[in-house]
Structures are given as C-alpha cells and as structure tokens.
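Hi everyone, thanks for coming.

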Amino acid sequence: MQNYLEVMREYVENHETSLIVAFVAGASVLALRRWLAGGVCRSKARLDGKTVLITGANTGIGKETALDMAKRGARVILACRDMTRAHIAADEIRQRSGNGNVVVKKLDLSSLQSVRDLAKDVEANEDHLNILINNAGVMMCPKWKTEDGFEMQFGVNHLGHFLLTNCLLDLLKKSAPSRIVTVSSLAHERGQIHFDDINLDKDYDRQVSYRQSKLANVLFSRELATRLQGTGVTTYSLHPGVIRTELGRHFFPTIALWKKICFMPFYYLIKSPWEGAQTTIYCAVDESLENTSGLYYSDCAPKTPAPQALDDAAAKKLWDVSASMVGLA
C-alpha cells in the first residue's frame, strides 16, 4: 500500500500541470453544460381538476411537458398527428406519472379541417380547458404545402395554432383563469413577415420560412394578449433552447458532412427534452405569472424579443391576414 501511495505521489508530482489542466477543462465543460441547460421551473403548483391540451405531445419537449402536467394531477390531452406514437406516449405518461387521466385526440395542424374537428371534439366533451400549449411544429422542411395550400412551416407553426386557439377561446374564457402558451424560437430574431408573399412562393428558403413562422408565434401571442385583456385568459410565448429532439429531422440531413463532424462534440452539450420543456412548464404553471400576459420568455425568465416582435401594427396586420387565410370572421 505504501509503495502504491509513493507511486501515485510521484506520478502527481511529474504530471502536476497536465492534471491541473485536465481538472480545469473538465470543470469548465461541466459548468458550460449546466449553463446551457438553462433555468428550471421551481413551481410546485398542483393542477388537480384542471385540463391541459398540448399539441405535438407524443415526443420531445411536448411529451416532457405532458408528463409534468400529469404529475401535477391535470387531465392531459395529447393532440397529435401520429396516433400510434401518441398512444404509446400516453401509456408511458400514465405509468410514469401514476395519473390515468391522459387521453389522445387526433390533430393534424396542416389541415384546417382537422383543427376544426379537434376543437369541436374538445368543446363537446370537455367541461373546461385551463391551459392550451401550442407546442407542435415543423422545422426547415422542403417546400411543402399544407392540405389547404399554405406553405408548410407557416401553415403548421402559425396558422394551425392560430385557428385552434381561436376555436377554443370561448372554452378558455369560461375556464378562466386560464393560459395559452406558444412555443416560438430564438430564430424569430432574424425573421420578418413577408406580407407581400406570405407563402414564399416567389423565392422559398427553408430558413427564411422557419424564422417567419417563429416570429409569427411571438406576434400572435402579443396581439392575443391585447385582445384578451380583462377576460382572465393570459398568453405567453417562449424560446425553449437548442434541444436534442426530432425537430431537426429535415435540417440535419441537408448539411455537409464536415459540418456534422464539427457539430458532434457539441451534441451532448445541448439541452435534453426535459431541460427544453422547463420554460414551457414555467409559463403554464408558475404562480408569479398570473397577472402577466403577452411577454416572451427564455430559461424560465422574461426576455426582450427582437424589435420586429414588438411591432404592434405588424401584430395586428398579421392577425387580420391570418384570420382571412383560415376563414375566421
């Protein structure tokens, strides 16, 4: 044993600098990983007797959000396009949360008829709706069209949720105090609304389209807050962070191999779905936000969005254009 200790001491003395560098590097990586993980929702609020509807809740941050809501005692509705995966997710959420009140309903945000059908189902079968979480989305897909002929990213990320929210407003008002949470992205900062070519038919670019749809999310939440003043319904938009989910399935296969190789060391530094869901959960349940509406959040704290996301005239114009596109009066 003594010989072993002597060998260790000699090794440390001979490699002191290298060991210090390794320790500092390791500590720095851990600190960076913790910083990138972002904030955590600390609220212990219970949701017994309340109903939560989450779009795209069969995977990623939507699934983690649904699990959290179920653990708090809520009746959770998973509104999803892929019913097989949704039922598998629902079974897992029931088992992990101990809450059997988790149901699945069909929703295809690329179809306005599907959105209306879900809204009618919820209105007919749910006594109340306390939290609506507009979580589902598509990112940087090719130039695809929705069933109704709209550009896919704008149609799914914005128009589908715009229509769903409006169709459920009466039930949300009836259930007040209630909340509407819309998942946006930091990508909104480089976005603009192309009112003269909203479907980007003249010059489609998947990144331009995605940024436009995420800016639309923030503007929608802002205008919605204005229109819902005094109703007891509050709205929130947020950036969840860069997360390891399926959202990038259309983007990553298109980037060069050398970029993928360079990215690999950073893959394990980005947020997990649980970490990415924290700001959504915070906006949905934190008691400190009861009297706050229309703001933008990141890492469980309010943040100032891009200047174009604070343009009230653009928010109102987007509302009018969107209402016309989806056929709302």
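Let's start at lysine 105, which is buried, with a relative accessible area of 12%; buried here means under 20% relative accessible area, exposed over 50%, and partly exposed in between, using a 1.4 Å probe and protein chains only. Before I go on, a word on the source: this is a predicted model, where local features need pLDDT of at least 70 and side-chain atom pairs count only at pLDDT 80 or more, while totals for chains, interfaces and linings use all residues. Residues are numbered from 1 along each chain as its sequence is written, and side-chain values use heavy atoms, with hydrogens and water left out.

So what does lysine 105 form a salt bridge with? Its partner is aspartate 121, with the closest N and O atoms 3.1 Å apart. By salt bridge I mean a side-chain nitrogen of Lys or Arg within 4 Å of a carboxyl oxygen of Asp or Glu. Lysine 105 sits in strand S3 (residues 102-106) and aspartate 121 in helix H5 (residues 112-125), so the pair ties together parts that are 16 residues apart in sequence. Helices (H or I, at least four residues) and strands (E, at least two) are DSSP runs, numbered from the N terminus. Aspartate 121 counts as partly exposed, at 28% relative accessibility.

By that rule, the count comes to 13 salt bridges. Another one joins glutamate 223 to arginine 227, at 2.8 Å between the closest N and O atoms. Both residues lie in helix H8 (residues 206-227), four residues apart, about one turn of the helix. Glutamate 223 is buried at 10% relative accessible area, whereas arginine 227 is partly exposed at 38%. The pair also belongs to a network of salt bridges linking Glu223, Arg227, Lys316 and Asp320.

Then there is arginine 46 with aspartate 48, a salt bridge at 3.0 Å, N to O. Arginine 46 is partly exposed at 47%, and aspartate 48 is partly exposed at 48%.

Of its 14 lining residues, the closest to the centre are Lys50, Pro177, Arg179, Ala284 and Glu290. On a 1 Å grid over the protein atoms alone, a pocket is an open set of points where a 1.4 Å probe fits, with protein on both sides within 12 Å along at least five of seven lines, and lining residues have an atom within 4 Å of a point. Strand S5 (178-183) and helix H11 (278-285) each supply at least two lining residues. Thanks, happy to chat!
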